[in-house]
Amino acid sequence: MNRNTFNQLMKFFKTKEDLKRFINTPLNELYVYHFSFGMWIRNNVLKRKIDSIKIYEEFGVSIDDLSNDIIHNFYMTLKAIDGTNNNMVYCNEQNNYNNEGDFIMRRKDREQSIDFAYEVVSKCEYATLSMVDLNGNPYSIPITIANDDKFLYFHSAKVGTKTDILRQNPRVCVVCVNNVLCIPSNFTTMFESAIVKGTAIEVTDDSQKIDALRLICERYASSNMHNFKDAIKRSLSVTAIWKISIDEITAKAKK
């Protein structure tokens, strides 16, 4: 959750006591806020994001579901910081955000271009997908990816922990690392890395699934593409494909 969204949600609470009451609400009783706070979110936050809402609705996610997810994520964010501190701030003064709430990299000397970031994404051996379950617990898993200019793609089984989480809370972060070189004599490591933040969307159209699988296989099994059609016939029906919107991408390197 970026700082701009966080500050928007803070406006709902008129006093510090109201905020403390929200933070101290047990997770299993958070539903009491789904009408008052949820209605406020729908009227003051989500109505400005109509295009994004339409995408979710195509997958059966209603605006009520979205407002409930926002309440939950906001609640867990507050739990992760000092929610009862009288000097409530977003994490701390060392965090780097601009006035629009976008992240600004602290180590400017290591910051790389967007083109560099896409290159890392395109060349990394694997990536790490991170998400948060409905209990607020972090969950990460390595995945093999392919990408175009707008999306990352990965495949998985149709059932499992990862799938369950993504269907309930599709906001994710993907970390890609490339060209890692340890330098023991200097107690340091050279590296290239990229971070992508976005929303995971399950691909259900067979032709789009095949296109995504082709990108993945061309990257990891280019020498065996002559058997691609046979593999599709055997496995397409039992394979899930997800695409992740590239809402934000950053890169850094130590060379």
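**Notebook: cysteines and positive phi angles**

I looked up Cys-124 and found that its sulfur lies 3.9 Å from the closest cysteine sulfur, that of Cys-176, which is too far for a bond. I noted the criterion: a disulfide is a pair of cysteine sulfur atoms within 2.5 Å. I recorded 0 disulfides in the structure.

I wrote down that this is a predicted model, in which local features need pLDDT of at least 70, side-chain atom pairs count only at pLDDT 80 or more, and totals for chains, interfaces and linings use all residues. Residues are numbered from 1 along each chain as its sequence is written, and side-chain values use heavy atoms, with hydrogens and water left out.

I then checked accessibility, taking buried as under 20% relative accessible area, exposed as over 50% and partly exposed as in between (1.4 Å probe, protein chains only). Cys-124 is buried, at a relative accessible area of 2%. Cys-217 is partly exposed, at 24%.

I next turned to the backbone. Asn-179 is not a glycine, yet I found a positive phi of about 50 degrees for this residue. I located Asn-179 in strand S6, residues 171–183. Strands (E, at least two residues) are DSSP runs, as are helices (H or I, at least four), and they are numbered from the N terminus. Asn-179 has 48% relative accessibility and therefore counts as partly exposed.

I also looked up Phe-187, a residue other than glycine, and found a positive phi near 50 degrees. Phe-187 sits in the loop between S6 and strand S7 (188–203). With 81% relative accessibility, Phe-187 counts as exposed.
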